[in-house]
Amino acid sequence: MGKPDAEGHGPPDGLPDLPPEWGRVVVPDDASALADEARQVRRELRAARRQAISRRRPGPAGRGASGLPVLALLVALLVTLTGLAAVTWPRSNRSGGAPTVLPYPTAPIGPLPALDLVGPDDAPVPLRSLLPAMIILVDACVCTEQVGTAAATAPPGVTVVTVTESRSAGSATAPGVRPLADPAGGLRSYLHLSAHPGTAAALLVDRQGTLVRVVPDLGPVADYRDDLVRLGG
């Protein structure tokens, strides 16, 4: 039970005393006398509340640190999607509808294979027996004009040969031309030359059987005249 103080004041019976560390507590008759203390208490409470909120809410440094992994993930995802789109996105044709022209494959420069082809009389003809020669592959294009120009340009001693992959050699398409057939396609297979419709490839072979030049598309004579003339030297 509470005990009265030195002046005889004390709590009613049955109520505990106030903590002794509070000291003497005086309750004024006018509550306005406590206004200054009330303002001080409110300021302290507001400061404590702001401090508690700031602890719970991360500041700019906390936001930056926690955002770095997310930013790195977004950048990696963007780079991956960009690369995937560049690979799979259909490319527009910038040439106004014209197809892209790819270069013809070049045959290896080396010895001419020792092949026996078929002559107009179905007799075998050793290809190396006709050297030096300009061999024109005409299975994709007869190219009569180009073959005739090559035959007229060839120097004496150089044989102009036309080769087709049909079963028969057929007849010569120009004076001085030796027609042969290669039904098995051994010459193109050896040289890795594929047929392109509308074009005739030409091979320039010297006396020793060395393939010195491949003309993928037999065009103007100026493109190969010098090499053809050198075969007869």
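Student: Why is arginine 49 called partly exposed?
Tutor: Its relative accessibility is 48%. Buried means under 20% relative accessible area, exposed means over 50%, and partly exposed is in between (1.4 Å probe, protein chains only). The value falls in between, so arginine 49 counts as partly exposed.

Student: What kind of model is this?
Tutor: It is a predicted model, in which local features need pLDDT of at least 70, side-chain atom pairs count only at pLDDT 80 or more, and totals for chains, interfaces and linings use all residues. Residues are numbered from 1 along each chain as its sequence is written, and side-chain values use heavy atoms, with hydrogens and water left out.

Student: Where is arginine 49 placed?
Tutor: Arginine 49 sits in helix α1, residues 35–56. Helices (H or I, at least four residues) and strands (E, at least two) are DSSP runs, numbered from the N terminus.

Student: Why is threonine 164 called buried?
Tutor: Its relative accessible area is 14%. The limit for buried is under 20%, so threonine 164 is buried. Threonine 164 belongs to strand β4, residues 159–164.

Student: What does threonine 164 touch, leaving aside neighbours within four places in sequence?
Tutor: Its contacts (heavy atoms within 4.5 Å) include Val138, Asp139 and Leu180.

Student: What makes aspartate 139 and arginine 188 a salt bridge?
Tutor: The N to O distance is 3.0 Å. A salt bridge needs a side-chain nitrogen of Lys or Arg within 4 Å of a carboxyl oxygen of Asp or Glu. The pair meets that rule, so it is a salt bridge. It links distant parts of the chain, 49 residues apart: aspartate 139 is in the loop between β3 and α3, arginine 188 in helix α4.

Student: Is arginine 188 buried or exposed?
Tutor: Buried, because its relative accessible area is 8%. Aspartate 139, at 28%, is partly exposed.

Student: How do you know that glutamate 165 also bridges to arginine 188?
Tutor: Their closest N and O atoms are 4.0 Å apart. The cut-off is within 4 Å, so the pair counts. Glutamate 165 lies in the loop between β4 and β5, 23 residues from arginine 188.

Student: What about aspartate 227 and arginine 213?
Tutor: Their closest N and O atoms are 2.6 Å apart, so they form a salt bridge too. Aspartate 227 is in helix α5 and arginine 213 in strand β7, so the pair ties together parts 14 residues apart in sequence.
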